Amino acid sequence: MPEDRIGAGAAAPRGRTGVLGEDRVAVAPLLASKLAVASLPGAVVARPRLFALLEAGAAGPVTLVSAPAGWGKTTLLGSWYRAPDNNGHRAWLSLEPGDGGSRLWSYLRAAVRATDDPQGGSPAPAVEGADEPVDRDFLDHLAAELSRRPEPVTLVLDDFHRIDDPDVADGLEFLLRHTGDRLRLVIGGRTDPALALHRWRLSGELTEIRAADLAFTAAEAAELLTAHGISVPADQTEELRVRTEGWPAGLRFAALALPGHPDPARFVDAFGGDDSAVADYLSVEVLAGLTDEARDVLRRGAVADRVTGDLVNALTGRTDGERVLAELERDTGFVVGLGTRPPAYRYHRMLAELLRAQQRLRPADELLDLHRRAAGWAVSRELPAEALRHALAAGEWTRATGVLAEHWPELVPYAPARPGPPAPNPPAPEAVRAEPELALAYAVDALDRGNRAAASGYLRLAERQGSQLDGGRRDRFTLIAAALRLAGAQLGGEVPEVLAAAARLRALASPPGAGAGRPPVDLRARAIARTAAGAVQLATGDLVAAETELSGALADAHRAGLARTELACTSRLALVRAVRGRLAAAERDARLVVGGAFDGDVPTDHGHAYLALALIALHRDHAGDAEANLTLAGNRIEQGREPAVAAVAAWIRAQLGRDRGDLTGAYQLLLAGRARLGEQHRAERLSDWLLAGEADLCTAHGDLGRSRELLLAPLDEATGPAEALAVALSRAYLHAGDLGAVARTLPDWAGPDADAWLLPVRLEAGLLDALTARAAGDHRRAARTLEEVLVLAAPDGFRRVFTRSEPPARDLLAAHLDSGTAYWPMVRELIATGAEQSGRDAITPTGTDRRDRGGRLAAAVPGLGEPLTDRELTVLRYLQSILSNVEIAGELSVSVNTVKTHVRNIYRKLDATRRREAVRRARELRLI
């Protein structure tokens, strides 16, 4: 930027001796309040994860905190600024409209000079004028003054979006270029500043914190309610977080309203974007700043859950829907890109609820027309679920029944969808009498919304009217009704009811004599029935039966061309096989799911696959991969509300916590996992697995008495195999040195009955047997037993059972290596890994603590000049997958630019130019 632009029209007045001199004209004073850190609301939630990002970012030239209204930008910056470890070299400037030109530079200089106050950050008592003229040399002098500072100063510029002077960005870039790294900017605002951010992204020097990062986690939401003196059950807190999508302003509005409400549970159930306080805020802070055409696009698009450019065009008659949606995503932050091609978007839940409430105030014909257009669009794009929902809402009942008749196997819900537009008005009785299938269509819609009661009512109505049908139409009607009864049973979660409904549908799909001159077996219906049965058997822990049913369902679905059912089966098979210890087969299935081998986008299905990959990585002792895949599973598995699946996730988290030394946290996770299983979903093998984990934690803590106390009673009461509990008890006895008790307790892991055990438990038993033999001095039997364990472990790549063994197995492995083994490379690797295990999480091989400036663990290893941060390590693990940068950003809930920045940093630090090269280099350095 030409420097004379900065001071254009602001020549120095006569009598002035210099910009930084003492001979000054009388000018208006600066307002000290603008230099004081923003005040904080009464209840502030500690957010160390974001503080760490800010600390790391403040070590570079620019940190950007960019998000729409109400995301807590100022609160975050203010609380970070006030943190006790503030080094005193921070300055604050709150910006307002009109803060441009000479006014801004005067304030900026005063803010920077205030950091020289030994108290750290309060404005100097005598503050110079705000309207002091600025000549062309002003920024040169200011840059020179900054460059002479002994320490860098971090300047927080809050509400930067209020600046309307285009020259400000040029001036700030000039200062950043010419201050010798003595000025660091932390910019907060609703939109991105007009700085050349791309340059800092390219160099890896830009830190970005956006709405996805600012969204409250479950723990933060609970802390906020507690800070307001509100005590509600954990499930209601989580429901509130889900309803607000973690939006801080929405949560605060709820926290302010809850104390005076007579029925908090009812308040949480009803809280949404149409709440008066939320609606007023969104109307003023988000919608008021948009053009009329942008608001019209938003309102019309709110009839759908998922919005695309061509859908907007169909709803509005425009031709530039994709451009408008992209601008709304950029300008509002409440239109969220889904990372698809072509681009698709969804509205933030609270904004969607407000827009739908406003839509209901408009003429009814307008809303009907929008749904009619949306239904036609969905039919043309072969999107049956969307077509059915919009056809019902538009009252186009013939179209709705046509979609149902043609696509019913794809419309049977596996799990409730995310909340969408209001339910359609009930059908007229005469319409149902004329077309009984219409009531079935309404039942599909109700089930998709999770409203089992409404679905049951529609099914009863359908079955009353359907008795008059005949021929093939009646057969199809009966199949669809039975499939929907099954979906309703799955929604209710009653295991016997699900199994009975699945058996009924399966019988209808395969009538006696099918194929022998009668209609053939309906593979679609049978696949749906077997999938439901396999899913409920997984939920109850009957893994052998679950694998049988799901394998059969997968074969039927493949032959019938039901890609969505194939996806559901394959993902659950991956998890079943991973839990049973068939890691290679489980990994193959899971990779098919996450690699996009099937059509469909059911979050819970992908959740099962990612959870399977997490368990596989854990058994192979790849903790980082386990953490990454567990994060990817995340809310997906919670949406499925399957207790057994949640129990597996709890077990994985507990093992990772134990590895970090958090025995208390691991114990609590296991307790919570068993509580989720409850009596209805006893899942005996899984429940035993978790209880054994609790006992092992007590053993590791040295509390052998408590470990035995946990195990003895359940073992005495067990009516069937309880090998996991017996192995855990044997481990406690071995720790106590009671070899006789071990011999009496340890189950026969090598016998034929052990084939039905979970393979990880069998391996643990075998290793304990070998350790016991060695402790007894029988080294020959110890070697023979260990070799048998290696035979079982090697094909699927089990490592953790050896490297994390209690008691440690390193000496046993070393002796075995000396005596000779068919698995020499594997044993050598296990010995090396076990030797490093205690220090690899936080200490380098040279004994240096691996923590970065933010106090986070970093990857400092020989051969790596600059350590990777914790966040870079996480992204590095994702680089091993087939996920794109956009998909990685979605999984980590950060912007794609943030991911790109981390990737560039990784490439630079690993001296790599391509993704594959970076992964290879990281593996050489044992970072992944």
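**Notes on salt bridges and the sheet**

1. The side chains of Asp369 and Arg373 form a salt bridge, 3.0 Å from N to O. The term salt bridge here means a side-chain nitrogen of Lys or Arg within 4 Å of a carboxyl oxygen of Asp or Glu. Asp369 and Arg373 sit 4 residues apart in helix H18 (residues 364-380), so about one helical turn separates them.

2. A quick word on the ground rules. This is a predicted model, in which local features need pLDDT of at least 70 and side-chain atom pairs count only at pLDDT 80 or more, while totals for chains, interfaces and linings use all residues. Residues are numbered from 1 along each chain as its sequence is written, and side-chain values use heavy atoms, with hydrogens and water left out. Helices (H or I, at least four residues) and strands (E, at least two) are DSSP runs, numbered from the N terminus.

3. Now look at helix H14 (residues 292-301), where Asp292 and Arg295 lie 3 residues apart, about one turn of the helix. They form a salt bridge, with the closest N and O atoms 2.3 Å apart. Asp292 counts as exposed at 58% relative accessibility, whereas Arg295 is partly exposed at 29%.

4. Which parts of the chain does the Arg389 and Asp445 pair bring together? Their side chains meet in a salt bridge at 3.6 Å, N to O. This one links distant parts of the chain, 56 residues apart: Arg389 is in helix H19 (residues 384-394) and Asp445 is in helix H22 (residues 437-448). Both Arg389 and Asp445 are buried. They also belong to a network of salt bridges with Asp305, Arg356, Asp448 and Arg449. The count for the model comes to 64 salt bridges.

5. On to the sheet. It is open, with 5 strands in the order E2-E3-E4-E1-E5 and parallel pairing. Its edge strands are E2 (90-94) and E5 (206-209), each pairing on one side only. Two strands pair if DSSP finds at least two bridges between them. Strands E3 (residues 153-158) and E4 (residues 183-189) run parallel and are joined by 5 bridges. Leu155 stands opposite Leu185 in E4.

Note on methods:
Buried means under 20% relative accessible area, exposed over 50%, partly exposed in between (1.4 Å probe, protein chains only).
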